[in-house]
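Please look over the structure shown here, and then read the short report that follows.

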Amino acid sequence: MSAANSAKSGGKLHLVSLGCNKNLVDSEIMLGRLSNYELTNETREADVIIVNTCGFIASAKEESVRVILEMADAKKQGATLVVTGCLMQRYREELMRELPEVDLFTGVGDYDKIDEILLKKQNLFSPGTYLQSSEDRVITGSNYHAYIKISEGCNQRCSFCAIPNFKGRLKSRSLENIVNEVKNLVKKGFYDFSFLSQDSSSYMRDQGVKDGLIELIDVVEKIDGVKSARILYLYPSTASDALIERIIASPVFHNYFDMPIQHISEKMLRLMKRGSGKDRIMQLLKMMRAAPGSFLRTGVIVGHPLESDDDFNELCALFDEIKFDRVSAFAYSREEDTAAFDMAQVPTKTISKRLSMIEKIIKNEIDASFKAQLGKRVVASLEGQSSEGEMFFGAKMDIWDKDIDGEILINESELEELEVGGRYLCEITDIAPEKLIARVLKRA
């Protein structure tokens, strides 16, 4: 992460943000509070090291602990190591006892107080979860795209998920705060936005508003300078037909539909406590898929307790009926304090076998999605040097979310000068594994 700031009197700061992009927003809030520090990518140079942890599933927890220990091992004499985030909130007592290498601990309620925590050198665990209002952020990784968090917490009680236990119930940001943040970012040159939360289609339900996202779309569309937007993490039981129709009608919000379904078997949806049955989910998926130029992303869980071969086969068959552009498949993770914890577990060997099978099916889906772009003209934003090195510029297709949906490699251009963050019309000339190859035609 890097950011420019004229006053850098606090020393050097190294921040590691793990997990989802909701965590990234919280990390950017902390960077905003610590703008007097100079950011460094070198752990051994840092006077302060912050690890913002993820505590969602077993693999994320293991990664968080590994990174904490790596940071502790690498830090210089006198440096301060701070651990915050979801893992810290969820396993507070255990981690404080077992990680003497860490200097300061805090949870999910105090991202906006990180400067006070460092100044006072005291742990802090405020009750409740921090909800962003008007705090300044330091946007990382882009000069044109930003994530906008619209709420915290979750009212859903999915059998496999522990997040509501440590993040609490849904709390929505005010429309005024969101609009002001977007307007301020537009003034700084940002024009592409991803709106996200744990359950975005429940936005404002805590304030008695059923389709708050429609209100958000209405106001964001009116902000001059917003050229491109998408909504992440719709939930089947709270995504209405009216919302989908409003997204489709929007000239600013893409027909980008990100709705993790987790399963399609009626039995499994009931066991997972998803709140919607197969018929409703299929109705939504078909509605989304039928939207002009739509991009359809989902997530599924393999090996949830009591998942039979028939249930798994039904999930696999879904991909013949609904063609997704991107799918994330996860092996079930047994989490304490969830309804699924005490259910009859599927053997680990069976889960691994099923995951391997479904990943092959998903690869074919994603490959087909990339191939469908060959020969098309698309709008894309230039990211800078590509993941393949200096031979290519990297770019993000307008409809895609940042970093997760793919990369366009630019190897030719009709223009002599290309600008990082610039928006260009490109022609897709070839495909590579999970990448597109294109030439720039003109500015968009």
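## Annotated cysteines

In this predicted model, the unreviewed UniProt entry lists Cys154, Cys158 and Cys161 under "binding site". Cys154 lies in the loop between β7 (residues 151–152) and α6 (residues 163–167), and Cys161 lies in the loop between β7 and α6 as well.

Cys154 has a relative accessible area of 9% and counts as buried, because the cut-off for that term is under 20%. Leaving aside neighbours within four places in sequence, Cys154 is in contact with Pro164, Gly168, Arg169, Leu170, Gln198 and Asp199. Cys161 is also buried, with a relative accessible area of 14%, and, not counting residues up to four places away in sequence, Cys161 touches Phe56 and Thr338.

## Helix α8 and its cover

Helix α8 covers residues 212–221, and in this helix Gly212, Leu213, Ile214, Leu216, Ile217 and Val220 are buried. In general, an α-helix has 3.6 residues a turn, so residues three or four places apart point the same way. The cover over the buried residues of α8 includes the helices α7 (175–187) and α9 (241–249), together with the strands β9 (192–196), β10 (228–231) and β11 (253–258).

## The chain as a whole

The protein chain has 13 helices and 18 strands, and 57% of its 444 residues count as buried. For 444 residues a compact globule would have a radius of gyration near 22 Å, and the chain, at 22 Å, agrees with this. Among contacts between residues at least 6 apart in sequence, 70% join residues at least 24 apart.

The accessible surface of the chain comes to about 19200 Å², of which 48% belongs to carbon and sulfur atoms.

Terms used: Residues are numbered from 1 along each chain as its sequence is written. This is a predicted model: local features need pLDDT of at least 70, side-chain atom pairs count only at pLDDT 80 or more; totals for chains, interfaces and linings use all residues. Side-chain values use heavy atoms; hydrogens and water are left out. Buried means under 20% relative accessible area, exposed over 50%, partly exposed in between (1.4 Å probe, protein chains only). Helices (H or I, at least four residues) and strands (E, at least two) are DSSP runs, numbered from the N terminus. Contact means heavy atoms within 4.5 Å. UniProt positions are given in the numbering used here, feature names are shortened, and annotations may be inferred rather than shown by experiment. The radius of gyration is taken over C-alpha atoms; the globule rule is 2.2 Å times the number of residues to the power 0.38. Accessible areas come from the Shrake-Rupley method with a 1.4 Å probe; for residues, only the protein chains shown count as cover.
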